[in-house]
Amino acid sequence: MSNTIAPDATLSLTGYIAGEPVISAQKLEVRSPYNGRLAGTVSLATRKDTEAAIVAGLSANVKQTRYERFAVLDKARQLLEERKEEFARLITSEAGLALREARYEVGRARDVLHFAALESLKDDGQIFSCDISPQGKARKIFTTREPLSLAVAITPFNHPLNQVAHKIAPAIATGTPVILKPSEKTPLTAVRFVELLYEAGLPPAMLSVLLGPTAEVAEVLVTDPRVELVSFTGSVAVGKIIAKQAGYKKVILELGGNDPLIILEDADMELAVTLAAEGAYRNSGQRCTAVKRILVQESIHDAFVEKLIEKTKEYLAGDPELPETRVGTVIDEPAAKYLEDVVNKAVAQGAKVRIGGRRTGALLEPTVITDVPRDAQMVVQESFGPLAPVMKVKNLEDAIELANGTAFGLSSGIVTKDMEKALHAVKNLRMGTVNINEVPGYRIESSPFGGIKDSGLGIKEGVIEAMKCFTYVKTFSLPW
């Protein structure tokens with residue numbers, strides 16, 4: 001396994017079955033969404049390869065101590081720090097994300113490895129004394145966590161490294177073998193990360209990575225009864241298919257979002273404008289927790305819009321490899337065309353594009369849209385791109401009703417100086433997260449994360465919660 005990438009080299013990678021390369025004449029080509037340049041290729045797996053990976057994972061029988069698991073994760077963190085620029089440029093080359101965003105993502109992935117390493121040293125076992133009622137005995141009940149036999153992780157394109165780290169690191173921390181199926185749109189970063197984990201000392205049988213036709217890889221992994229957990233991040237449509245097909249096993253679904261930022265009339269205006277722009281445009285707007293709807297109290301609406309237009313001018317869209325670029329492409333041209341289409345549909349309903357809106361291939365300028373009808377497709381469904389639809393609300397109750405009025409329930413934010421109103425929002429917004437004076441997506445890598453309704457089943461991720469999902473609790477008792 002090569003450890004470095006020449007500056008302009010085209011990667012030729014393979015999948016891995018327990019550390020052994022997947023040999024195949026069939027190759028997946030991965031091209032830059034910005035200029036179509038070939039970023040690399042990955043060998044494609046077959047159903048036979050998928051079956052072999054399942055058997056390898058079930059046969060792993062690796063018993064590592066907590067310290068040994070810590071050492072692997074900590075070494076991986078060190079290696080990633082050494083190669084942070086290499087990974088950032090790889091993310092940019094295959095995802096079209098601005099280099100500054102790719103560098104930020106690498107930093108987040110380092111945090112995931114760091115927190116997972118620390119958590120691997122902890123024991124959350126409990127002790128229950130049994131002599132606490134007339135029916136009790138002189139015994140104690142103890143709890144311990146056991147790894148699962150085999151897990152499957154299916155990751156999306158929008159965070160090619162961090163989403164992978166968020167699933168693989170907790171599995172390593174708990175000793176659960178895992179098969180990774182990354183997005184076919186951004187597989188290069190995922191495969192390189194798997195190689196880095198092998199180099200860090202992870203026993204190869206603990207991890208496989210496969211790409212290939214859905215019927216030969218993903219469907220086989222999801223439906224196999226020997227797999228005890230499927231962890232999926234991606235679209236609502238695919239998530240619901242997985243929920244139906246998975247059968248009798250744990251399923252973790254982190255799906256879409258339609259995240260509102262509520263701005264009340266007492267808000268710090270500069271903070272509100274900054275949060276709206278950062279929330280809508282960072283990562284090209286391709287985050288499940290991105291600001292998708294900006295709900296502004298009508299008394300400050302016009303002043304807010306003018307300031308947001310000026311702020312938007314700071315977010316230069318263009319070549320993602322240039323340091324001055326703040327907004328790169330979305331994942332491909334069809335995705336950009338979809339965004340362009342929902343903007344046009346909103347305009348046909350009476351909305352106004354105040355700045356931006358121009359598309360070149362997969363590159364869409366950051367766009368402020370006002371007078372957006374409440375039933376416009378752009379704000380009813382998830383719009384995965386750098387759009388900032390601004391909608392008037394009468395008051396907090398109107399904002400909460402509008403915020404809750406979609407099929408999603410992932411995250412939200414409210415900008416206000418009134419703590420009573422902030423707490424009212426926390427209690428009444430039907431979301432997995434409510435952030436006060438912060439973007440909806442704010443979190444740390446170890447805090448619980450996840451949504452309800454079409455955003456998920458209420459099962460949280462984040463390093464600590466994911467580690468719980470990758471294990472089961474065993475109890476045992478002793479005379480005392």
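I count two residues as in contact when heavy atoms of theirs lie within 4.5 Å. This is a predicted model, in which local features need pLDDT of at least 70 and side-chain atom pairs count only at pLDDT 80 or more, while totals for chains, interfaces and linings use all residues. I number residues from 1 along each chain as its sequence is written, and side-chain values use heavy atoms, with hydrogens and water left out.

Entry on H424. I looked up its contacts and, leaving aside neighbours within four places in sequence, found L396, E397 and I400. The C-alpha atoms of H424 and L396 are separated by 8.9 Å, although the two residues are 28 apart along the chain. H424 lies in helix 14 (helices are DSSP runs of H or I with at least four residues, strands are runs of E with at least two, and both are numbered from the N terminus). H424 is partly exposed at a relative accessible area of 29%, where buried means under 20%, exposed over 50% and partly exposed in between, with a 1.4 Å probe and protein chains only.

Entry on the annotated site. Which residue does UniProt give as "active site"? The unreviewed entry places that feature at E254, and I keep in mind that such annotations may be inferred rather than shown by experiment. E254 lies in strand 12, residues 250-254, and is buried, with a relative accessible area of 3%.

Entry on the annotated domain. The unreviewed UniProt entry also places "domain: Aldehyde dehydrogenase" at residues 26-475. I looked up this span and found 39% helix and 21% strand, with its end C-alpha atoms 48 Å apart.

Entry on E86. E86 belongs to helix 3, residues 84-95, and is buried, with a relative accessible area of 17%. The side chains of E86 and R192 are joined by a polar contact of 2.9 Å, a term I use for a pair of N or O atoms within 3.5 Å, where within protein one must be able to donate a hydrogen and the other to accept it, and residues adjacent in sequence count only if both atoms are side-chain atoms.

Entry on I436. I436 has its place in strand 22, residues 433-436, and is partly exposed, with a relative accessible area of 30%.
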